Amino acid sequence: MELLTLEHFAGHVNETYSAHLNDSEVPFVLVEARALSTRPQQPERMPFSLLFRNGSAFLFPQQTYLMRHESIGEIGIFLVPVARERDGFLYQAIFN
């Protein structure tokens with residue numbers, strides 16, 4: 001499997017990713033993809049953060065979700081709820 005980098009996601013901000021959850025698919029929109037450091041800490045990749053929005057009133061638990069995107073394919077992403085908004089919740093994934 002290829003090591004995921006910020007470049008895999010940066011061109012897909014404001015696009016929908018589908019998470020498999022209890023025999024259904026839940027939409028998460030990638031609202032931010034940003035580097036966490038300006039200097040390399042590991043030669044393999046720079047640390048980065050992804051921020052997803054989900055419009056459900058239900059708070060999904062912190063866990064790894066199998067996410068699907070038409071260009072990236074299927075990948076497991078560990079999402080942590082970080083904020084509540086008027087129209088749902090924000091979830092963050094950190095890659096280091």
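Predicted model: local features only at pLDDT ≥ 70, side-chain atom pairs only at ≥ 80, totals over all residues.
Residues are numbered from 1 along each chain as its sequence is written, and side-chain values use heavy atoms, with hydrogens and water left out.

The protein chain has one helix and six strands. Helices (H or I, at least four residues) and strands (E, at least two) are DSSP runs, numbered from the N terminus. Along the sequence the pattern reads α-β-β-β-β-β-β. The six strands form a closed barrel in the order 1-2-3-6-5-4, with antiparallel pairing. The twist averages 45° from one strand to the next. For this angle, axes are lines fitted to C-alpha atoms, for helices over the stretch in contact, and angles run from 0 to 180 degrees between N-to-C directions. Strands of a sheet pair through backbone hydrogen bonds, either parallel or antiparallel.

Overall dimensions come next. The C-alpha trace of the protein chain spans about 40 × 25 × 20 Å along its principal axes. A compact globule of 96 residues would have a radius of gyration near 12 Å, and the 13 Å of the protein chain agrees. This radius is taken over C-alpha atoms, and the globule rule is 2.2 Å times the number of residues to the power 0.38. Contact means heavy atoms within 4.5 Å. Among contacts between residues at least 6 apart in sequence, 51% join residues at least 24 apart. Of the 96 residues, 35% count as buried. Buried means under 20% relative accessible area, exposed over 50%, and partly exposed in between (1.4 Å probe, protein chains only).

Strand 6 pairs with two neighbours. Two strands pair if DSSP finds at least two bridges between them. Seven bridges join strand 3 (residues 48-54) to strand 6, and the two run antiparallel. Within this pairing, Leu51 has Gln92 of strand 6 as its bridge partner. Strand 5 (residues 73-85) is joined to strand 6 by five bridges, again antiparallel. Here Ala83 has Leu90 of strand 6 as its bridge partner, and Arg84 stands opposite Phe89 in strand 6. Strand 6 is mostly covered, with six of its eight residues buried.

Aromatic contacts were counted next. Rings of Phe, Tyr and Trp (its six-membered ring) pair if their centres lie within 6.5 Å; planes under 30 degrees apart count as stacked, over 60 as edge-to-face and the rest as tilted. By this rule there are ten aromatic pairs. The ring centres of Phe28 and Tyr91 lie 5.3 Å apart with planes at 80°, so this pair is edge-to-face. Phe28 belongs to strand 2 (residues 24-35) and Tyr91 to strand 6 (residues 88-95), so the pair ties together parts that are 63 residues apart in sequence. Both Phe28 and Tyr91 are buried. Ring pairs also link Phe9, Tyr17, Phe48, Phe52 and Phe95 into a cluster.

Two loop residues other than glycine have positive phi values. Asn14 sits in the loop between helix 1 (6-10) and strand 1 (16-21). Its phi is near 70°. Asn14 counts as exposed because its relative accessibility is 61%. Asn22 lies in the loop between strand 1 and strand 2. The phi of Asn22 is near 50°. At 71% relative accessibility, Asn22 also counts as exposed.
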